[in-house]
Amino acid sequence: MTNRKSKLLIAIFVLAFLVLSCQNSGSGTNQTQVNSNQSPTVANEIPDRKWWKEAVVYQIYPRSFKDSDGDGIGDLRGITSKLDYIKSLGIDVVWLNPIFASPNDDNGYDISDYEAIMKDFGTMADFDEMLVGMHKRGIKLVLDLVANHSSDEHEWFNQSRSSRGNPYRNYYHWWDEEKGKPAKRWSFFDENADAWKYDETTKSYYLHYFSQKQPDLNWENPQVREEVYKMMRFWFDKGIDGFRMDVITFISKDTRFPELPEKYRGNFVQYYAEGEQRHEYLQEMNREVLSRYDIMTVAEGPGTTTENVLEYVGEDRRELNMSYHFEAIDLGYKDLSKKLIDPNGWSFLEFKKIYSKWDAVFAEKGWGTIYLGNHDQPRMVTRWGNDAPAFRELSSKMLTTFLLTMRSTPYYYFGDELGMTNIRFDNIDDYRDIMTINLHKLIATEGGDLDEFMESQKVVGRDNGRTPFQWDNSPNAGFTTGKPWLKVNPNHTEINAEAQESDENSVLNYFRKIVKFRKENLVLIYGKYTLLDQDNESVYAYTRELNGEKFLILLNFTEKEADTNTGLDIRNAKILLGNYEKPSADGKLKPYEAVILEL
Ligand code: NOJ
């Protein structure tokens with residue numbers, strides 16, 4: 001054999017080996033090296049370890065993180081310039097909200113070109129540089145897959161709406177006017193809550209579960225699915241490490257569009273999430289794309305319940321790795337569809353019950369997620385803690401302790417590591433979020449109570465979680481030299497990263513400490529969870545146990561001192577971590593106290 005030939009054969013052999021080993025990996029089966037933490041004896045005995053189970057995910061809303069060019073909008077180069085900060089947090093994975101070309105009707109959740117970068121955010125070269133920078137630091141990158149709908153400015157939709165006979169017609173859901181008015185479908189973002197929009201050109205209605213500029217893609221058309229898979233491969237081949245999948249539970253639809261069956265009236269989300277072919281499509285996606293890469297996937301799972309979630313994330317299903325539910329985050333609403341909060345607040349006992357119920361689902365199979373904030377939610381400390389000056393830091397740390405000691409992959413929202421708070425706009429003109437703006441119009445049209453709506457928005461409005469990151473105490477918080485796209489919270493003069501860097505006891509440094517602590521203690525990741533003292537109205541108490549190790553976590557969710565009654569003897573317990581300088585060792589907790597004990 002000539003030298004060239006044998007080199008070629010070796011190359012083919014190596015390539016075949018690589019391809020085969022990749023095919024064995026992918027969602028639910030990948031084998032990437034996980035962290036080798038402390039407690040090696042324990043580590044060896046844990047079955048089914050996965051890097052994404054051990055990861056802490058840090059979510060960045062790119063529009064609001066760091067602006068590099070003074071246009072008032074955060075961008076990719078801004079993120080790249082802050083990679084050392086991100087690395088310093090100790091997190092493993094960054095999830096970025098959509099960064100693709102978009103007219104920004106819904107801040108990037110309306111994509112006009114899935115393989116191009118949004119102009120506001122930079123260029124593909126900026127993306128490549130950011131990805132290299134992340135990987136160089138050992139940080140993985142997860143992007144947002146928004147495939148239930150596209151933008152109405154996507155070329156597919158331009159074609160689709162141009163004539164009834166266009167080859168792209170069937171990429172979307174159309175209802176020809178001769179058939180009469182289509183059956184009611186609720187839209188989350190439409191000012192009339194109507195998910196059917198009449199289009200003059202072809203005298204037909206198209207479906208949009210979200211805004212009029214977000215037409216739903218027709219997954220029943222195999223060509224659409226193939227386009228989505230092709231686009232996913234494009235990003236995986238660039239080296240990204242996973243996708244968070246926007247409203248992926250909604251992709252399958254009954255294209256006859258019947259009247260909503262009786263049992264779903266008043267619960268349209270459940271109907272949207274129970275399309276008959278949803279699992280068929282996800283299994284196909286896994287076969288065609290996910291199983292070929294060493295990546296992670298997480299569903300945004302509206303409508304998932306403890307009864308059905310394993311159908312998405314059970315390993316044997318070969319669909320997705322994880323899903324995040326809304327059962328706890330949606331506590332305390334009087335009317336969720338209008339985002340009106342219940343003046344009586346939310347039930348703490350219910351909160352504990354829900355998290356415990358969700359933990360139990362994954363006792364044998366699958367894997368959970370946990371979060372208290374994201375770009376669709378207000379600031380964690382305002383909603384679930386207490387952002388009054390006396391308690392903001394303490395309750396931020398307490399909530400962080402909760403997120404980082406549960407048996408699920410934590411999804412931690414940028415800015416929560418500083419204890420950033422809701423901005424609480426008084427004026428509708430300050431809001432930029434289409435959801436708030438159009439709900440305001442809807443309630444006005446219906447003659448509803450706008451004051452009640454505005455007060456509710458101060459608590460739960462999405463823009464509260466989207467205000468620019470507070471880097472320092474300079475006029476725009478060091479976020480931009482221009483005019484920020486959304487107002488900066490005036491409290492940045494006190495709450496900012498720079499001030500917290502140098503303070504050993506800051507919320508920021510507590511976050512770093514507890515991220516490291518979780519990663520060094522596999523019991524916090526894989527250990528069995530047991531709820532204690534379940535009727536305690538103030539304290540969330542639970543143990544985590546793994547191969548003889550046992551940790552007790554005590555969290556006071558109130559501004560008053562509180563007692564616990566766990567039934568455990570804690571006299572000899574060792575204090576491992578707490579959010580007070582002198583953590584309580586006797587089960588009596590100070591306001592918003594969090595303490596981790598080893599038993
Ligand atoms: C869920 C996303 O998280 C949200 O921000 C977006 O507005 C809707 N899906 C529509 O894409």
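This is a predicted model: local features need pLDDT of at least 70, side-chain atom pairs count only at pLDDT 80 or more; totals for chains, interfaces and linings use all residues.
Student: How many aromatic pairs in the whole structure?
Tutor: The search finds 62. Rings of Phe, Tyr and Trp (its six-membered ring) pair if their centres lie within 6.5 Å; planes under 30 degrees apart are stacked, over 60 edge-to-face, the rest tilted.

Student: Why is the pair of Trp219 and Tyr281 called tilted?
Tutor: Their planes stand at 35°, with centres 6.1 Å apart, so the pair is tilted.

Student: Which parts does that pair tie together?
Tutor: Trp219 is in the loop between β8 (204-207) and α8 (222-238), Tyr281 in helix α10 (residues 278-288), so parts 62 residues apart in sequence are tied together. Helices (H or I, at least four residues) and strands (E, at least two) are DSSP runs, numbered from the N terminus.

Student: Are Trp219 and Tyr281 buried or exposed?
Tutor: Both are buried, meaning under 20% relative accessible area (1.4 Å probe, protein chains only).

Student: New topic. What sits over the ring of Phe414?
Tutor: The charged end of Arg379, 5.4 Å from the ring centre. The criterion is NZ of Lys or CZ of Arg within 6 Å of the ring centre and within 35 degrees of the ring normal. Lys140 likewise lies over the face of Trp51, at 4.5 Å from the ring centre.

Note on methods. Residues are numbered from 1 along each chain as its sequence is written. Side-chain values use heavy atoms; hydrogens and water are left out. Buried means under 20% relative accessible area, exposed over 50%, partly exposed in between (1.4 Å probe, protein chains only).
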